[in-house]
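Please look through the structure shown here. The report that follows takes its strands, its cores and its ring contacts in turn.

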Amino acid sequence: DGKVLKVQFLRHGDDSREELEEQRFNMYAAKFTARHLPVPTEVVINLGDRGAKGSGDGSESIFVREVSPVLCELPVINKELVGQKARFAYANSEDGNQQVTEFLKSVAKIDLITGEYKVKNFGPDRYADEPVFVKRKGATEEDDGYLLTYVYDTKSKTAEVVILDAKQIDQDQAIATIRLNQ
């Protein structure tokens, strides 16, 4: 039986490295566009009947697919699944319509199997940072937990930690919002 290796990662478009680095130098001042952001991508490598050496019979193959069209950065999964197959990833993202207006003002929950995604938008002039997944006590499902993210308001220069239900991040109300003193 052949060996199959699956790798998931974020894939950037054809922008130059210098332009990408310039945009990331100061993320709060960056003017992101859709071409600056990657999409979740999967590479499936079929090593054929003889594993890593290859069989030489043509059964080896490489297949690349876009997992989801959501434009995003800094993806995370349930940390108990690192190095294993995970169904869900969470990332800071555009607002769900493939339009980026200066800031990554949302977080997304991405189904890595179907490519479907849900987005929680934090509003204009607000920047959502890398989310953190925290498993709920007694959880039996991969996405049973909380999603925490730091949200910075560029107009008022204030910040907060927003806690969402990781199963349903697109709900109108957060579970909790913790305002931070500056």
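## Basis of the report

Helices (H or I, at least four residues) and strands (E, at least two) are DSSP runs, numbered from the N terminus. By that rule, D111 belongs to strand β6 (residues 106-111).

This is a predicted model: local features need pLDDT of at least 70, side-chain atom pairs count only at pLDDT 80 or more, and totals for chains, interfaces and linings use all residues. Residues are numbered from 1 along each chain as its sequence is written, and side-chain values use heavy atoms, with hydrogens and water left out.

Six of the six residues of β6 are buried, so the strand is largely enclosed by the rest of the structure. Buried means under 20% relative accessible area, exposed over 50%, and partly exposed in between (1.4 Å probe, protein chains only). In a regular strand, side chains alternate between the two faces of the sheet. Both faces of β6 are covered. S106, A108 and I110 lie on one side, and V107, K109 and D111 on the other.

D111 has 8% relative accessibility, so it counts as buried. Leaving aside neighbours within four places in sequence, D111 is in contact (heavy atoms within 4.5 Å) with V67, R87, F88 and E116.

Two strands pair if DSSP finds at least two bridges between them. β5 and β6 pair in the antiparallel sense over six bridges. There, I110 is the bridge partner of A89. β6 also pairs with strand β7 (residues 117-121), again antiparallel, over five bridges. V107 stands opposite K120 in β7. The hairpin of β6 and β7 has five residues between the strands, and G115 takes a positive phi near 85 degrees in it.

## An open sheet

Three strands form an open sheet in the order β1-β2-β3, with antiparallel pairing. Its edge strands are β1 (4-11) and β3 (61-66), and each pairs on one side only. Neighbouring strands of this sheet are turned by 20 degrees against each other on average, direction ignored. Here axes are lines fitted to C-alpha atoms, for helices over the stretch in contact, and angles run from 0 to 180 degrees between N-to-C directions.

Six bridges join strand β2 (residues 39-46) to β3 in the antiparallel sense. V44 stands opposite F63 in β3.

## Nonpolar cores

A nonpolar core is a set of buried Ala, Val, Leu, Ile, Met, Phe, Trp, Tyr and Cys residues joined through side-chain atoms within 4.5 Å. The largest has 13 residues, of which Y90, V107, F122, L147 and L164 touch the most other members. β5, β10 (145-153) and β11 (158-165) each supply at least two residues of this core. A second, separate core of nine residues includes V70, C72, A108 and I110.

Leaving aside neighbours within four places in sequence, L164 is in contact with residues including V107, K120, F122 and L147.

## Rings

The structure holds one aromatic pair. Ring centres of Phe, Tyr and Trp (its six-membered ring) must lie within 6.5 Å; planes under 30 degrees apart count as stacked, over 60 as edge-to-face and the rest as tilted. Y90 and F133 have ring centres 5.6 Å apart and planes at 15 degrees, so the pair is stacked. Y90 lies in strand β5 (residues 88-93) and F133 in strand β9 (residues 132-135), so the pair ties together parts 43 residues apart in sequence. Y90 counts as buried at 1% relative accessibility, and F133 counts as buried at 8%.

A charge sits over a ring if NZ of Lys or CZ of Arg is within 6 Å of the ring centre and within 35 degrees of the ring normal. K109 lies over the face of F88, 4.3 Å from the ring centre. The charged end of R136 sits over the ring of Y146, 4.5 Å from its centre.
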